[in-house]
Amino acid sequence: MPSTVRTLKLPSGEAVPVLGQGTWKMGEDRRRRTDEVAALKLGLDLGIILIDTAEMYASGGAEEVVAEAIAGRRDETFLVSKVLPTNASRAGVKRACENSLKRLSTDRIDLYLLHWPGSVPLSETVEAFETLKREGKIRHWGVSNFDTDEMEELVGLPSGSNVQTNQILYNLSRRGPEFDLAPWSLKRGIPLMAYSPVEQGALARNARLEAVASRHNATAAQIALAWVMAQPGVMAIPKAGRQEHVRQNVAALDIKLTREDFAELDRAFPPPTRKRGLEMI
């Protein structure tokens with residue numbers, strides 16, 4: 001267990017852990033359900049109270065796994081879910097949120113995100129989010145997979161400044177956001193939520209990361225995760241379907257990367273020198 005679970009603040013002032021639990025691909029195979037539920041429960045035991053899910057994951061199956069994991073512990077959990085852009089109209093958001101609430105067996109979602117930009121006018125989606133807030137069905141809202149120009153449009157809308165986070169693909173091999181999106185977000189106090197911080201496991205097999213890991217008695221995956229969590233204004237939401245994986249992720253909180261480590265990682269994974277379009281997987 002880490003000595004402390006570091007937090008950062010949302011624009012609302014609420015503190016959330018820099019390490020959360022992702023659920024992408026959970027709920028797809030009932031044979032794995034017991035392990036997935038146990039992993040999420042252990043994360044809560046270890047203070048990793050932020051759980052991220054979405055109506056898209058396993059067509060709602062991941063939300064049902066989360067519901068089982070947080071049963072009797074809802075008040076200690078910071079619950080994040082997402083609405084598909086095809087459901088982002090006024091009526092669609094309301095219907096999608098109510099369906100997610102049923103699958104999650106709860107009366108409110110702490111942070112509700114638009115999964116990626118779509119064809120519905122953003123102003124309509126924001127209005128729908130604000131209505132859900134007034135009704136108490138969500139406490140906060142945010143977005144996912146928004147690039148800098150899309151964030152600029154969002155904050156220029158009525159109530160658009162109420163956005164609490166932008167969940168994006170960000171890791172050592174996907175450093176494009178550092179050119180403009182990350183500085184823009186940090187300046188405005190809007191934290192980034194990094195999904196696939198270990199590139200779906202690909203970085204766990206990287207020799208350059210293993211060289212750094214050897215100095216910390218850690219794994220390459222833990223170094224990749226520690227690097228993401230060391231970035232200012234960034235939280236990470238790796239998925240862990242097994243309890244041992246959860247323990248390894250939590251242990252990454254105690255890794256203190258040195259200037260030498262950061263320099264070596266910059267050589268292995270150079271930061272961007274020009275604007276790149278925001279990547280998604």
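**Entry 1: strand S8**

I began with S8 and found both faces covered: Asn 166 and Ile 168 on one side, and Gln 167 and Leu 169 on the other, are all buried. I take buried as under 20% relative accessible area, exposed as over 50% and partly exposed as in between, with a 1.4 Å probe and protein chains only. In a regular strand the side chains alternate between the two faces of the sheet.

I note the basis of these entries here: the model is predicted, local features need pLDDT of at least 70, side-chain atom pairs count only at pLDDT 80 or more, and totals for chains, interfaces and linings use all residues. Residues are numbered from 1 along each chain as its sequence is written, and side-chain values use heavy atoms, with hydrogens and water left out.

Helices (H or I, at least four residues) and strands (E, at least two) are DSSP runs, numbered from the N terminus.

I then looked up the neighbours of S8. S7 and S8 run parallel and are joined by two bridges, with Val 143 opposite Asn 166 in S8. S8 and S9 pair in the parallel sense over four bridges, and Gln 167 has Met 193 of S9 as its bridge partner.

**Entry 2: the whole sheet**

Eight strands form an open sheet with parallel pairing, in the order S3-S4-S5-S6-S7-S8-S9-S10. Strand S3 (21-22) and strand S10 (234-236) are at the edges with a single partner strand each, so one side of each is left without a neighbour in the sheet. I count two strands as paired if DSSP finds at least two bridges between them.

Ala 194 stands opposite Ala 236 in S10.

**Entry 3: helices on the sheet**

Helix H3 (residues 90-104) lies across strand S5 (78-83), strand S6 (109-114) and strand S7 (138-144), and runs at about 135 degrees to S6. Helix H8 (residues 220-230) lies across S9 and S10, and runs at about 150 degrees to S10. Axes are lines fitted to C-alpha atoms, for helices over the stretch in contact, and angles run from 0 to 180 degrees between N-to-C directions.

Why do I call H8 largely enclosed by the rest of the structure? Nine of its 11 residues are buried, among them Ile 223, Leu 225, Trp 227 and Met 229. The cover over the buried residues of H8 includes S9, helix H7 (207-215), S10, H9 and helix H10 (259-268). Contact here means heavy atoms within 4.5 Å.

**Entry 4: H1 and its two partners**

Two packed helices are described by the angle between their axes and the distance between the axes.

The axes of helix H1 (residues 33-45) and helix H2 (residues 61-70) come within 9 Å and cross at roughly 55 degrees. H1 and H2 are therefore oblique to each other. The contact is made by Arg 33, Glu 36, Val 37, Leu 40, Lys 41 and Leu 44 of H1 and by Glu 64, Val 65, Val 66, Glu 68, Ala 69 and Ile 70 of H2.

For H1 and H9, the axes come within 8 Å and cross at roughly 30 degrees. H1 and H9 are therefore roughly parallel to each other. My cut-offs are under 35 degrees for roughly parallel, over 145 for roughly antiparallel, 65 to 115 for roughly perpendicular, and oblique for the rest. On the H1 side the contact uses Ala 38, Ala 39, Leu 42 and Gly 43, and on the H9 side Gln 243, Val 246 and Arg 247.

**Entry 5: single residues**

Which loop holds Ser 105? Ser 105 is in the loop between H3 and S6. Its phi is near 55 degrees, a positive value in a residue other than glycine. Most residues other than glycine have a negative phi. Ser 105 is exposed, with a relative accessible area of 62%.

Ser 159 also has a positive phi, near 70 degrees. I found Ser 159 in the loop between helix H5 (148-155) and strand S8 (166-169), and at 34% relative accessibility Ser 159 counts as partly exposed.

Not counting residues up to four places away in sequence, Thr 148 touches Asp 180, Leu 181, Trp 184 and Lys 275.
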